[in-house]
Amino acid sequence: MHEITVQELLVKGYSNLVDVRSPGEFARESIPGAVNIPLFSNEERALVGTTYKQEGQVAAQWLGMQIVSPKMEAIMQAIRQRGEEWGEPPTIFCWRGGMRSRAMATFATFSGLRVRRLQGGYRAYRQHVLETIEPYELQVPVFLLHGMTGVGKTELLKRLEENGHPVLDLERMAGHRGSVFGHIGKGKPANQKMFDARLFETLQRNRDASLFVMEAESKRIGNAILPPFLIDAKKQAIHIQVTAPLEMRVQRIYEEYVVPFSWRPDFAEKVELSYTSIARRIPTEQGALLRDALTNRDYRSAIALLLVHYYDPRYQNKQSEYVERLEHHVDAIDLEKAVQQIDAIIEKSLPIR
């Protein structure tokens, strides 16, 4: 068994990461890219914890052994398969580099498997992330995409990234699109710890970048709050306004939010709950029309009403708070042409290299 520090993990780029904590712990937070091969299920972990509190450490350890023993062969098979598939010894970790990762790494070593163990576990990784992000400053130009909901900013970021530009896709990191309907079809949004970890990993991966492209986001996205350096970057950015006609924005939102998920039995209920959270902010007459459209499942009409009477006014107000002048304008009717326009803006704006 070879023990490594967080710094070694990052510098050497080890990527075959195995989180041995319970599925519930793994779902809340983990190192991006890790897989979960748990020593205990959620229920087993709770039982061991209760035993520890009521009967002490020795009794909890004995119970843990009884629980794990029958499934150790299957766990080792999973560890061995990871090593064979990746061509790299798995790096095993738990919460703080304690008994769970030590037990699994020790047993793997006795079984003839090559593994690494992360000193300090996930807690050490999390501490390193915070120590990096809190004082972080972006020292390179940031190109900020502005635009009303539905103009295609997310798709533009995706295409720009495919073209080789370093992108900070904050909505993807947060697991939430920037609207009250942003959770639909996305599963549970990331918590702050997972957002920070994904941001940290992106910055690490692009540490030699000469620029970044990102979307103009609010301070909060889903459950995550942007760190101060991103707020500062927004103010100092090169601003690009992206536009598209209302009917095209409606169609794009319909294709992104409605078409993939409307077959689900709970889709209409989720839309209704999301609408209820903002209903009081929409003028009475338009609110009645919007409710009728939702009741009749006329989602295109509902989207148009939401854009005109809710999202667009709010977006304009927020934008005016920190943007005095938009230097560049891009027409996103044709997304590929829009990418080419942004490419040209970036090339023109960067200093001669």
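**Notebook: cores, helices and single residues**

I began with the largest nonpolar core, which has 61 residues, and found that Leu138, Leu145, Leu168, Leu170, Leu199, Val213 and Leu230 touch the most other members. For my own reference, a nonpolar core is a set of buried Ala, Val, Leu, Ile, Met, Phe, Trp, Tyr and Cys residues joined through side-chain atoms within 4.5 Å, and buried means under 20% relative accessible area, exposed over 50%, and partly exposed in between, with a 1.4 Å probe and protein chains only. I then looked up which element gives this core its largest share, and it is helix 16 (residues 335-349), with 6 residues. A second, separate core has 22 residues, among them Tyr254, Phe261, Ala293 and Ala302.

I note that this is a predicted model, in which local features need pLDDT of at least 70 and side-chain atom pairs count only at pLDDT 80 or more, whereas totals for chains, interfaces and linings use all residues. Residues are numbered from 1 along each chain as its sequence is written, and side-chain values use heavy atoms, with hydrogens and water left out.

**Whole chain**

I recorded 16 helices and 12 strands for the protein, where helices (H or I, at least four residues) and strands (E, at least two) are DSSP runs numbered from the N terminus. The C-alpha trace spans about 65 × 55 × 35 Å along its principal axes, and 46% of the 353 residues count as buried. Of the contacts (heavy atoms within 4.5 Å) between residues at least 6 apart in sequence, 73% join residues at least 24 apart.

I listed the partners of Leu145, leaving aside neighbours within four places in sequence, and found Lys153, Leu156, Leu157, Leu160, Val213, Met214, Glu215, Ala216, Ile240, Val242 and Ile342.

In helix 11 (residues 228-236) I found Phe229, Leu230, Ala233 and Lys234 to be the buried residues. They lie on the same side of helix 11, because they cover an arc of only 145° around the axis, the arc being that of the directions from the helix axis to the C-beta atoms. An α-helix has 3.6 residues a turn, so residues three or four places apart point the same way. On the face of helix 11 turned away from the buried side I noted the exposed residues Pro228 and Gln236.

I looked up Arg126 in helix 7 (residues 121-133), and Arg126 counts as buried because its relative accessibility is 14%. Not counting residues up to four places away in sequence, Arg126 touches Gln192, Lys193 and Asp196. Gln127 also lies in helix 7, but counts as partly exposed at 42% relative accessibility.

**Helix 5: Ile75**

I placed Ile75 in helix 5 (residues 72-86), where Ile75 counts as buried at 6% relative accessibility. Beyond residues up to four places away in sequence, Ile75 touches Ile37, Pro38, Leu39 and Met104. From Ile75 to Leu138, 63 residues apart along the chain, the C-alpha separation is 42 Å.

**A loop residue: Arg297**

Last, I checked Arg297, which is found in the loop between helix 14 (284-295) and helix 15 (299-322). Phi of Arg297 is near 55°, a positive value in a residue other than glycine, and Arg297 is exposed, with a relative accessible area of 56%.
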